[in-house]
Amino acid sequence: MAHSSATGRRFLFLQGPHGPFFSRLGKMITATGATVHRVGFNAGDAFFWRDQDRYIAFNERPENWPGFLNNILENHGITDIVLYGDTRPIHASAVVAAKQQGLTVHVFEEGYLRPFWITYERGGSNGHSRLMDMSVAQMRENLSGTQAEAVQAPDHWGDMREHIFYGALYHWFVMFRNRKYSHFRPHRSIPVSQEFQLYIKRLAMMPGHWLGRLRATRKIKRGGFPYHLALLQLEHDASFQNYSTFASMTDFLRLVIQEFDRGAPRHHHLVFKAHPLEDGRVPLQRDMGALAREFQVAERVHFVRGGKLAGLLDGARSAVAINSTSAQQALWRGLPLRAFGDAVYSKPEFVSQQPLAEFFSDPARPDVAAYRDFRQYLLTTSQVAGGYYAARSRRQLLRNIVDMMLAKADPYDALPSKTAAHAQQLVVIK
């Protein structure tokens, strides 16, 4: 394993996942001999960062951020920038500045193979990932000669409750302790107060949502009808906002229901599966019902709120998505998939290019062998076991990620050179 020395390296952390992960990661990187600084943009950032001696508050107007950042890079001799998601404005401008100065950009994201892994890349993720321009043939060539070790995926990491809890706590600090950061503007389109209320509502409604999900799923499973599964996303998510052609999730609902009506056999049904973190800021179920009535298919269209996807996928005929990472669970099962946005898995070998009505009528199946090789490539490069939120999954992630960050080669270059810094994995889904 080839590592660069941590001594002399200076890491600048920007915004991370809600919760203590970035603070714990910074502490571990400091233990390697590197220097770590953190820029905070609000009271939530400050609360979750424990090393206040290395904390830099940005409390100026947003338009001052590029100059403020350049001063930090110069004054502290920064060699590495660490951030979560590369599309929010403060991160996008930081990535540009870092690349201009030849700095290493460490990008964390939710796992392309979530929920049991996170994504770690350099330079960019999702639509900016190197995977976007990489063919399956290139991946197979890089995998040649490697031996994948089969590992058992855990039943669950338990991250969902912690994810929602840390999100609520973070927004509470932004709402009630943010006087020092009077110029802070969230990257979301809604006020922080509304974001906080949605997190609290989501926590309070979890038992009721569980019961409604149980009833809806039971109705589908006991219905005895063939069905197609449409995977919904968060309308405010970066993948939807930046890498899809839809202005809203309602536009996606309309397209899917209209083409289902045109192409699907009359005894088939359509199931919309909401994202586990859907919080009601977009009235998806109401809009779905109105569109189903408009196209006279209301008796054949169903809505399932959150929860696990596996049980629904096991009985589905096909799946439709924009660019949801959960679509890969469909491909893992060999289900036909039609996707409508830019995604790292949008490869012609396993994602159908059929018109949607034709897809609902006679969906083309994926090349399962090609997808298995793609999946194995991800597991041996950018997918790291663990999670950001629950203590158990966070510990698992920290065991591997620091060595990957200190390695000379980025995860995609490390594989062909046989210097990958974390164990190669091939998942067995339970």
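Strands are taken here as DSSP runs of E of at least two residues, numbered from the N terminus, and in this predicted model one such run, strand β5, spans residues 104-110 and includes H106. Because six of the seven residues of β5 are buried, the strand is largely enclosed by the rest of the structure. H106 itself counts as buried because its relative accessibility is 0%, which falls under the 20% cut-off. Apart from neighbours within four places in sequence, H106 is in contact with R9, F11, D80, I81, V82, L83, Y120, E121, R122 and M405.

Strand β4 (residues 80-84) runs parallel to β5 and is joined to it by five bridges, with L83 standing opposite V107 of β5. β5 and β6 form a hairpin in which six residues lie between the two strands.

Elsewhere in the description of the model, the second largest pocket contains about 220 Å³ of space. Its lining comprises 13 residues, of which R213, L214, T217, K221 and K308 are the closest to the centre of the pocket. Two or more lining residues are given by each of α7 (192-223) and α11 (310-315), and α7 gives the most, with six residues. By class, the lining of this pocket consists of four nonpolar, four polar and five charged residues.

Methods:
Residues are numbered from 1 along each chain as its sequence is written. This is a predicted model: local features need pLDDT of at least 70, side-chain atom pairs count only at pLDDT 80 or more; totals for chains, interfaces and linings use all residues. Side-chain values use heavy atoms; hydrogens and water are left out. Helices (H or I, at least four residues) and strands (E, at least two) are DSSP runs, numbered from the N terminus. Buried means under 20% relative accessible area, exposed over 50%, partly exposed in between (1.4 Å probe, protein chains only). Contact means heavy atoms within 4.5 Å. On a 1 Å grid over the protein atoms alone, a cavity is a set of points where a 1.4 Å probe fits but cannot get out, and a pocket is an open set with protein on both sides within 12 Å along at least five of seven lines; lining residues have an atom within 4 Å of a point. Grid points are joined across faces, edges and corners, and a volume is the space filled by probe spheres set on the points. Ala, Val, Leu, Ile, Met, Phe, Trp, Tyr, Cys and Pro count as nonpolar, Asp, Glu, Lys and Arg as charged, and the others, Gly among them, as polar. Two strands pair if DSSP finds at least two bridges between them.
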